[in-house]
Amino acid sequence: MRLGLALIAAAALTFPLAAQNAPNWDAKYRAIPDARNIGEYMKRMSARPHHLGSPYDKDNAEWILAKFKEWGWDAHIETYDALFPTPKERLVEMIAPSAVPLKLEEPAVAIDPTSGQKAEQLPSFNAYSIDGDVTGPVVYVNYGRPQDYEDLERRGISVRGAIVLARYGNSWRGIKPKVAAEHGAVGCLIYSDPMDDGYFNDDIFPDGPTRNGSGVQRGSVMDMPTYPGDPLTPGVGATPDAKRLDIRDATTLTKIPVLPISYADAQPLLAALRGPVVPEPWRGALPLTYHFGPGPARVHMKLAFNWNRVPIYNVIARMQGSTYPDEWVIRGNHHDAWVNGAGDPGSGMSVVLEEARALGELAKQGWRPKRTLIYAAWDGEEQGLLGSTEWVEAHDHDLRDHAVAYVNSDGTGRGFFNPSGSHVLESLVNSVARDVEDPETKGSVWKRAQARAIARGSREERTEARSRSDLRIAALGSGSDYSSFLQHGGVPSLDLRFGGFDSSEGVYHSIYDDYYYYTKFMDTDFAYGRTLALVAGTTMIRLADADLLPFEFTNLADTVQTYLKELQTLLKTQQDEVRERNKQIEDGVFAAINDPKRPLEAPKIEQVAPALNFAPLENAAERLTQAAAKYRKAVDAARPKLTSNSALLRSVNAKLMQAERQMTDEGGLPKRPWYRHLLYAPGFYTGYAVKTMPGVREAIEQKQYASAESEIGRVAKALEREAALLDSISSSLQP
Ligand SMILES: [Zn+2]
């Protein structure tokens with residue numbers, strides 16, 4: 001009898017869910033974050049340039065460390081060493097038809113106090129371009145995507161031996177030199193056209209928020225779709241004693257030299273191009289007629305870099321869980337920037353810090369998270385997700401056993417709540433968004449996001465936004481530190497940010513992304529920064545404190561069904577298009593509409609794609625749908641049992657922690673084994689943009705149908721594993 005009572009008392013202590021009057025900690029948390037603090041942190045961290053390897057980068061890491069400690073966290077700095085080339089020589093000159101040296105300079109703007117910190121600024125460049133000294137005729141290649149080269153080919157224009165001039169936008173920058181090299185170009189220049197982020201859109205900086213004539217977008221061109229992180233240590237942490245590749249064997253460096261330039265520098269090159277006039281979708285907003293080339297403009301470019309290894313300073317803070325210390329809920333944002341980086345990453349990093357302060361404050365009020373919280377400030381994100389990737393690779397085995405979820409942020413702004421991530425977390429994110437107020441409308445941020453989905457959506461999307469209980473979240477590709485957690489580690493991940501009313505695109509990765517700019521054009525009073533701290537902090541608390549992990553598999557199964565339909569439609573569309581095009585070629589349509597003065601070669605007859613057997617995937621998706629519904633029912637029925645039986649609860653959670661991992665495969669994706677997740681990956685030819693069920697989708701797009709069928713089998717097996725895991729949980733909950 002006594003023993004029985006003692007057990008019940010112990011159970012009640014362990015599971016305050018049962019105690020009706022436990023304080024509502026997540027509501028208490030939301031009273032703490034303060035917008036002014038967010039502004040102060042941003043001001044401090046963006047006061048000087050702080051790229052990887054710079055003095056102020058280290059200074060910021062130490063300051064962040066001190067702050068975590070001040071707020072009661074157990075914190076340390078974890079260091080890795082990664083390859084980071086910085087410019088030694090940058091020379092680009094037009095040598096014909098006239099001699100014009102390019103300036104390659106971003107001048108200070110008088111009204112902007114930090115834009116003149118020249119001594120600490122890295123010059124504009126693309127990281128992981130190889131050294132090179134090349135000369136060739138210029139060819140304009142639009143956004144430099146594979147389809148742009150198809151257009152060139154139909155006009156009989158080759159880039160072999162040429163220096164391509166590509167504009168930023170519509171594909172990740174690293175794709176542009178990759179595709180250019182595949183087509184035989186010897187060099188690549190990337191410029192920012194005013195149509196994409198300049199005066200075509202709004203007034204230019206400093207009068208307005210868009211890119212001015214000398215603004216340059218720095219950025220990495222590492223082949224991240226192959227693997228991110230240190231190019232010399234794929235798959236393992238870049239510790240001092242790690243086995244390193246020879247630089248010559250690092251496959252993620254570019255194959256040709258590449259440099260970003262401003263539109264002021266690009267304009268004389270574009271003006272000196274002849275050859276056919278480009279079609280409308282290729283035209284930018286400069287006051288000139290755009291031609292393809294090649295030439296007569298010829299360019300000489302010479303680039304040399306210091307191929308140094310530099311230290312990465314990741315700041316890692318822990319708050320030990322009271323009940324499940326071995327289950328980790330992880331939150332992160334990067335602290336390094338290309339220059340002063342107030343927007344990218346300061347706007348997100350400051351929010352993450354304010355959450356850490358508020359959680360520390362909550363702990364002083366008596367709260368302890370049930371699971372362990374880890375807050376991270378990553379270094380070297382801009383170069384290619386170096387800090388987070390090396391950390392994930394170094395802790396791969398620990399993460400498999402302990403990681404519950406990873407919640408990322410990066411640059412954030414004013415407007416709509418914009419979550420993306422793993423679909424098992426879709427329901428959780430929706431529930432949090434319903435409980436947080438939008439600072440402008442005073443309704444919930446969920447309500448405002450729903451209104452946008454209705455206003456912007458197709459008929460089908462509108463119906464869904466009105467009737468589906470959760471708003472859909474987008475899948476994750478790449479572009480920030482969630483990539484390694486989700487796609488290498490199989491850790492369910494989220495990326496949370498606000499935006500839509502403002503855009504820092506016009507100063508993205510330039511010397512003008514600073515505190516002056518952010519407080520003039522972005523979330524000027526940090527009201528949305530504070531709102532992000534409320535949303536993300538609440539998400540962290542719910543992940544840490546929920547007795548049963550808040551994963552919802554019906555959302556996942558529903559999403560998987562939509563991906564399957566998309567793949568079937570993709571194949572069908574491809575078949576229809578090729579059939580129609582072949583017919584037009586055979587009927588002489590191309591020859592009849594051809595303008596002999598601007599000749600366009602007819603495309604070549606192509607094989608129509610064969611039928612693919614989607615049955616394994618259809619069956620697996622159906623099985624997952626049923627298993628998810630059964631799991632939901634079993635859990636709802638077993639609630640009382642789960643709150644009283646801690647051993648059962650622990651075993652269910654242990655299985656749930658492996659759920660996302662079921663959809664990964666040790667073999668990885670075709671040609672890129674580092675990417676283990678079979679549902680989500682960045683596109684091989686799009687860069688940041690996601691490809692869902694990438695093995696199948698990219699095989700269809702690239703017309704490798706045998707590979708598409710075997711990938712269908714692998715994805716189906718992964719979904720079957722997921723369904724089997726859910727079924728085993730459901731049966732363990734049977735009375
Ligand atoms: Zn960033």
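User: Which residues does L189 touch, not counting residues up to four places away in sequence?

Analyst: Start with the general idea: in soluble globular proteins, nonpolar side chains tend to be buried together. This is a predicted model, and here L189 touches V92, I163, V164, L165, A166, L259, I261, L269, V299 and M301, leaving aside residues up to four places away in sequence.

User: Okay, and which residues touch the most other members of the largest nonpolar core?

Analyst: That core has 219 residues, and L189 is on the list along with F68, W73, Y191, F553 and L617.

User: Now the charged side chains. How many salt bridges does the structure hold?

Analyst: Side chains of opposite charge can pair when their charged atoms come close. You'll find 47 salt bridges in this one. Take R145 and D148: their closest N and O atoms are 3.1 Å apart, and both residues are buried.

User: What about R448 and E440, buried or partly exposed?

Analyst: One of each. R448 counts as buried because its relative accessible area is 15%, under the 20% cut-off. E440 is partly exposed, at 38% relative accessibility. The two form a salt bridge with closest N and O atoms 3.1 Å apart.

User: Which parts of the chain does the R468 and D558 pair link?

Analyst: The side chains meet in a salt bridge at 2.7 Å, N to O. That pair links distant parts of the chain, 90 residues apart: R468 sits in the loop between helix 15 (459-467) and helix 16 (482-488), and D558 in helix 19 (residues 553-586).

Methods: Residues numbered from 1 in each chain as written. Predicted model: local features only at pLDDT ≥ 70, side-chain atom pairs only at ≥ 80, totals over all residues. Heavy atoms only, no water. Core = buried A, V, L, I, M, F, W, Y, C linked by side-chain atoms within 4.5 Å. Buried < 20%, exposed > 50% of the residue type's maximum accessible area, 1.4 Å probe, protein only. Contact = heavy atoms within 4.5 Å. Salt bridge = Lys/Arg side-chain N within 4 Å of Asp/Glu carboxyl O. Helix = DSSP H or I, 4+ residues; strand = E, 2+ residues; numbered from the N terminus.
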